[in-house]
Amino acid sequence: MTNWTKKRERKNEVKNRAAEPSHMFTRCRVVGCDRHARAGTDDGLDTRFCRGHADHYSRHGSPYKSSFTAKELTPYRKAALAWLEEKSCDQWARNAVDRVETLYRAAGPHVEAFRLRGLSPEGRARAAWARLRKAKIDPRRVVAAWLAVEMAIAADPRADRKPEYKRVQAAKLVHRMASGTHRRWESGPGGAQELHVYPRSRGRVLRHIGEDIEEATALLVEHAVLPAMPLSNR
């Protein structure tokens, strides 16, 4: 039996299981939601959340807490980046920047956004780091993204403080830095043509990127005193 045949049979098996509701899972785990968990319907195997909260969890890292907006995070990102520039000689700040540079170097060859189909979540995460390297994104911006999320969560009395939420929030910022693939052809039928492809920012890919950032900045967060935000920005 070939690997392709095994994958096809596995895919069909999962599809058939997902189509058989389990009456053990009658409620979504989010407080106040009266919908069935997906495993209790013919819409999936998730035993915890309904479709809406499962999608929210995939995109934001929390089944009920939305992502921080750009407006909310911008003051923290600016403060974190300015602090990193000031601490350029600090051993822990330098360590975090060096570790992000290592992620760039170890990411492998650059893969254009429209060629990601078929890659595993780990492969897509490495491709994101390779895009950051190709775009020459300053590693300090990646470190600042993590510090900004740390500060935003600390200042939010209703924040989801689970590690996964923090990882996804930082990963979403960094994933946007990687942007996508953009092509332009000056000649052809109908004149100039453009192609803009952006990878999806959700799911396990964000978890892998977030774990990479967390590991890279761990010593800095452990030893540093993060910058204080002006009261007007809190």
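Visitor: With which residue does lysine 65 form a salt bridge?

Guide: Start with the general idea. Side chains of opposite charge can pair when their charged atoms come close. In this predicted model, lysine 65 pairs with aspartate 156. Their closest N and O atoms are 2.9 Å apart.

Visitor: Where do lysine 65 and aspartate 156 lie?

Guide: Both sit in loops. Lysine 65 is in the loop between H2 and helix H3 (70-86). Aspartate 156 is in the loop between helix H6 (139-155) and helix H7 (163-178).

Visitor: Is lysine 65 buried or exposed?

Guide: Look at the relative accessible area. Under 20% counts as buried. Lysine 65 has 18%, so lysine 65 is buried. Aspartate 156 has 14%, so aspartate 156 is buried too.

Visitor: How many salt bridges does the count come to?

Guide: Eight. One of them joins the side chains of lysine 166 and glutamate 150, at 3.4 Å from N to O. This pair links distant parts of the chain. Lysine 166 is in helix H7 and glutamate 150 is in helix H6, 16 residues apart. Both residues are buried.

Visitor: What about arginine 94 and aspartate 98, where do they lie?

Guide: Both lie in helix H4. They are four residues apart, about one turn of the helix. Now check their accessibility. Arginine 94 has a relative accessible area of 35%, so arginine 94 is partly exposed. Aspartate 98 has 32% and is also partly exposed.

Visitor: Which residues are linked with them in a network of salt bridges?

Guide: The network consists of Arg94, Asp98 and Glu101.

Visitor: Next, cysteines. How many disulfides does a search of the whole structure find?

Guide: First the idea. A disulfide is a covalent bond between the sulfur atoms of two cysteines. Here the search finds zero.

Visitor: How far from cysteine 33 is the nearest cysteine sulfur?

Guide: That sulfur belongs to cysteine 50, and it is 3.8 Å away. The cut-off for a disulfide is 2.5 Å. Cysteine 33 is in no disulfide, and neither is cysteine 50. Cysteine 33 has 13% relative accessibility, so cysteine 33 counts as buried. Cysteine 50, at 3%, counts as buried as well.

Visitor: Which residues of H2 are buried?

Guide: They are His53, Ala54, His56, Tyr57, Ser58 and His60. Then look just after H2. There, glycine 61 takes a positive phi of about 85°.

Visitor: How do I read two helices that pack? At what angle do helix H4 and helix H8 pack?

Guide: Take the angle and the distance between axes. Helix H4 (residues 91-105) and helix H8 (residues 204-223) pack at about 175°, with axes 8 Å apart. An angle over 145 degrees counts as roughly antiparallel, so H4 is roughly antiparallel to H8.

Visitor: Which residues make the contact?

Guide: H4 gives Trp92, Ala93, Asn95, Ala96, Arg99, Val100 and Leu103. H8 gives Asp212, Glu215, Ala216, Thr217, Leu219, Leu220 and His223. Sort the residues of this contact by type. Eight are nonpolar, three polar and three charged.

Visitor: Which residues is isoleucine 213 in contact with, leaving aside its neighbours within four places in sequence?

Guide: Trp129, Val142, Trp146, Ala170, Ala171 and Val174. Compare sequence and space once again. Isoleucine 213 and leucine 103 are 110 residues apart in sequence. In space they are 9.0 Å apart, C-alpha to C-alpha.

Key. Residues are numbered from 1 along each chain as its sequence is written. This is a predicted model: local features need pLDDT of at least 70, side-chain atom pairs count only at pLDDT 80 or more; totals for chains, interfaces and linings use all residues. Side-chain values use heavy atoms; hydrogens and water are left out. Axes are lines fitted to C-alpha atoms, for helices over the stretch in contact, and angles run from 0 to 180 degrees between N-to-C directions. Angles under 35 degrees count as roughly parallel, over 145 as roughly antiparallel, 65 to 115 as roughly perpendicular and the rest as oblique. Contact means heavy atoms within 4.5 Å. Ala, Val, Leu, Ile, Met, Phe, Trp, Tyr, Cys and Pro count as nonpolar, Asp, Glu, Lys and Arg as charged, and the others, Gly among them, as polar. A salt bridge is a side-chain nitrogen of Lys or Arg within 4 Å of a carboxyl oxygen of Asp or Glu. Buried means under 20% relative accessible area, exposed over 50%, partly exposed in between (1.4 Å probe, protein chains only).
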